[in-house]
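Please read these points with the sequence and the 3D view open beside you.

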Amino acid sequence: MSTPSPRGTSHLPVAILGLITIAVYGCWTYSFGVLLDPIVTDTGWSELGIVTAFSVSAGIAGLGSMIGGWALDRWGSRVVFGVAAIFGTIAFWAGANASTATGFTVLSSLGGGVFGALGFYHVTQTVAARVGGPSPTRSITALTVWGAFAGAIYLPLTAWLIDLVGWRDTLTIITASAGAMLAIGAVSVATDTDPQHRITFLSGLGKSLAVPGARWFMLAVGLAGIAISVLVVYQVPLMTAAGLTLATASSIAGARSIAQLLGRLPLAPIVGRLGANGAMQLSFVAIAAGCLIVIIAGSVAMGVLFAVVAGFGIGSMSPLTGINSVELFPAARLGVGRGTIAAAGSAAGAIGPLLGSGAVALSGSRSAAAVVAAGAGFAAVWAMRLAGRHVETRVGTQASS
């Protein structure tokens, strides 16, 4: 099984993992909605084609997250972060300089897919649980508090850079920042692996899917992934369509990321009262409600309401996914188990923007995308309730594994 490095009791590794999380999520997942209109305006490429790049990257990240989690269990964090830093940055640099829509789509999809598969929460939460001290729940929660600043930093930063240097140089700069943080993580944060407990990818995947409740949990996370991915892509365009300026909408979207702290700082009492499963259901309700509120967020007041509600939902979901995964999967397979759950969110999330843009094309209104997202969020509540009915105690589950 994976064991902590000598740095295991220090807060520094968790802080570095937090900076990695901010940069990797911020440079593409959060910034894409700000980049969308400037890319279309500058190049004349179709909106659907550009959104496809985001969706494909999410699909690659989803499928790759299982491999990334397994690689983490097998080889440790140095290899995983190092590969992400090199290949993800190169792909994005080439994509930012592409002269055709096809070239941009292929290259940015690869860049986003590599960063997502090897640098998203399924990796950083697992590493945090192993190096951040004796309490995995505390380390995971602390990590996601760092991650809450991803949108708050990168959304306004991206808007400012676009005005200053254009979208191509902006994409190069923000993705290079993520590559640099991954490189720092590869050098400074290490988890060791025990060769006696290394398992094959297929074996680890099969055992993860056999855990009671895991498949319903995957469905719930997948449905929520659809809602969140549509929201991330369309939150700024929806608010501008409702009447806000691009700068104001981008700032509110960034404030929504700060509001994610509302779902993370008081997490312990919420879980204590509702349980991890009930708390996850609450987060899904808030996500769905946020998808509806953003439709009418044409004033600063409504924008702030959207930021608070959606921020709470998305913010609480991130640590709760990690906490539930720690409870579901044994330590030696936590990487591949967490990666399997992440695959559900990312792969289903890849469908979300396509469903959203398809609904926009059919209806002629971007509000239709938000309605699709809200429906997925409410369906996630139902799936999570079913997951709670099928989960056995951790002791019983691991005894049979």
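At roughly what angle do the axes of helix 1 and helix 9 cross? The answer is in point 2.

1. This is a predicted model, in which local features need pLDDT of at least 70, side-chain atom pairs count only at pLDDT 80 or more, and totals for chains, interfaces and linings use all residues. Residues are numbered from 1 along each chain as its sequence is written, and side-chain values use heavy atoms, with hydrogens and water left out.

2. The axes of helix 1 (residues 12-30) and helix 9 (residues 167-188) cross at roughly 155 degrees and come within 9 Å. Helices here are DSSP runs of H or I, at least four residues, numbered from the N terminus. Axes are lines fitted to C-alpha atoms over the stretch in contact, and angles run from 0 to 180 degrees between N-to-C directions. Helix 1 and helix 9 are therefore roughly antiparallel (an angle over 145 degrees).

3. In helix 1, the residues that meet helix 9 include Ile16, Leu19, Ala23 and Trp28. On the side of helix 9, Leu171, Ile174, Ala178 and Met181 are among them. The residues of this contact of helix 1 with helix 9 divide into 13 nonpolar, four polar and no charged. Ala, Val, Leu, Ile, Met, Phe, Trp, Tyr, Cys and Pro count as nonpolar, Asp, Glu, Lys and Arg as charged, and the others, Gly among them, as polar.

4. Helix 4 (residues 77-96) packs on helix 5 (residues 101-119) at an angle of about 160 degrees, their axes 8 Å apart. Helix 4 and helix 5 are therefore roughly antiparallel to each other. Which kinds of residue make up the contact of helix 4 with helix 5? They divide into 14 nonpolar, six polar and no charged. Phe81, Phe87 and Phe92 in helix 4 are among the residues that meet helix 5, where Phe104 and Phe115 are among the partners.

5. Threonine 126 lies in helix 6 (residues 121-131). Is this threonine 126 buried or exposed? Threonine 126 is buried, with a relative accessible area of 1% (buried means under 20%, with a 1.4 Å probe and protein chains only). Leaving aside residues up to four places away in sequence, threonine 126 touches Leu72, Tyr121, Leu334, Gly335 and Arg338; contact means heavy atoms within 4.5 Å.

6. The buried residues of helix 2 include Phe32, Leu35, Leu36 and Ile39. After helix 2 comes glycine 44, whose phi is positive, near 80 degrees.

Key. Helix = DSSP H or I, 4+ residues; strand = E, 2+ residues; numbered from the N terminus. Parallel < 35°, antiparallel > 145°, perpendicular 65-115°, else oblique. Buried < 20%, exposed > 50% of the residue type's maximum accessible area, 1.4 Å probe, protein only.
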